[in-house]
Amino acid sequence: MITEAVQLHDGVESKVHRIFRDSLELDVEVDTDVISGGLLDSLAFVQLLVSLEEEFGLEVDLAEMELEDFSTVSRIARLVSANGNGAA
């Protein structure tokens, strides 16, 4: 049985994956570590933050940000969902 929370997470994950593909021009798997793999440089990271804000209204406090939360598509989707921004 698929729960509503799982469906919501899957939808958020799909949207985050689309941001990587369309905005960042990175075709990665949802569990690919884009930071340690060197796929996401500082300019692309800023572009990612802007895209997440536009798509989900996610506001990131840079002083409290954990870089590992942005290491994979799946982790970003969890962060978005945990902040209640995936409901839209």
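These are my notebook entries on a predicted model of one protein chain.

**Ground rules**

I number residues from 1 along each chain as its sequence is written, and I work with heavy atoms for side-chain values, leaving out hydrogens and water. Because the model is predicted, local features need pLDDT of at least 70 and side-chain atom pairs count only at pLDDT 80 or more, while totals for chains, interfaces and linings use all residues.

**Confidence and fold**

I looked up the confidence. Mean pLDDT (the predictor's confidence in each residue, from 0 to 100) is 88 for the protein chain, and 86% of its residues reach 70 or more. I then went through the elements.

I noted the fold next. The chain has three helices and zero strands; helices (H or I, at least four residues) and strands (E, at least two) are DSSP runs, numbered from the N terminus. The pattern along the sequence reads α-α-α.

I checked contacts, meaning heavy atoms within 4.5 Å. Of those with a separation of 6 or more, 64% join residues 24 or more positions apart.

**Surface and burial**

I took the accessible area (Shrake-Rupley method, 1.4 Å probe; for residues, only the protein chains shown count as cover). The chain exposes about 5,600 Å², and carbon and sulfur atoms supply 48% of that. Buried residues make up 35% of the 88 in the chain. For the classes, buried means under 20% relative accessible area, exposed over 50%, and partly exposed in between (1.4 Å probe, protein chains only).

**Ser71**

I stopped at Ser71, in the loop between helix H2 (42–56) and helix H3 (73–82). Is Ser71 buried or exposed? Its relative accessibility is 6%, so I file Ser71 as buried. A polar atom of the Ser71 side chain sits 2.8 Å from the backbone oxygen of Glu68. Beyond its neighbours within four places in sequence, Ser71 contacts Thr32, Asp33, Val34 and Ile35.

**Leu40**

I moved to Leu40, in the loop between H1 and H2. Leu40 counts as buried because its relative accessibility is 11%. Not counting residues up to four places away, Leu40 touches Leu24, Leu26, Val34, Ile35, Phe45, Leu48 and Phe70.

**H3**

I listed the buried residues of H3: Val73, Ser74, Ile76, Ala77, Leu79 and Val80. After H3 comes Gly84, with a positive phi near 75 degrees.

**Salt bridges**

I searched for salt bridges (a side-chain nitrogen of Lys or Arg within 4 Å of a carboxyl oxygen of Asp or Glu). How many does the structure hold? I found three.

- Glu55 pairs with Arg18, the closest N and O atoms being 3.2 Å apart. Glu55 lies in helix H2 and Arg18 in helix H1, so this pair ties together parts 37 residues apart in sequence. Glu55 is partly exposed at 30% relative accessibility, and Arg18 is partly exposed at 33%.
- Arg21 pairs with Asp22, with 3.0 Å between the closest N and O atoms. Arg21 is partly exposed at 40%; Asp22 is partly exposed at 46%.
- Glu68 meets Arg75 at 3.7 Å, N to O. I have Arg75 as partly exposed, at 32%.

Definitions and conventions:
A polar contact is a pair of N or O atoms within 3.5 Å; within protein, one must be able to donate a hydrogen and the other to accept it, and residues adjacent in sequence count only if both atoms are side-chain atoms.
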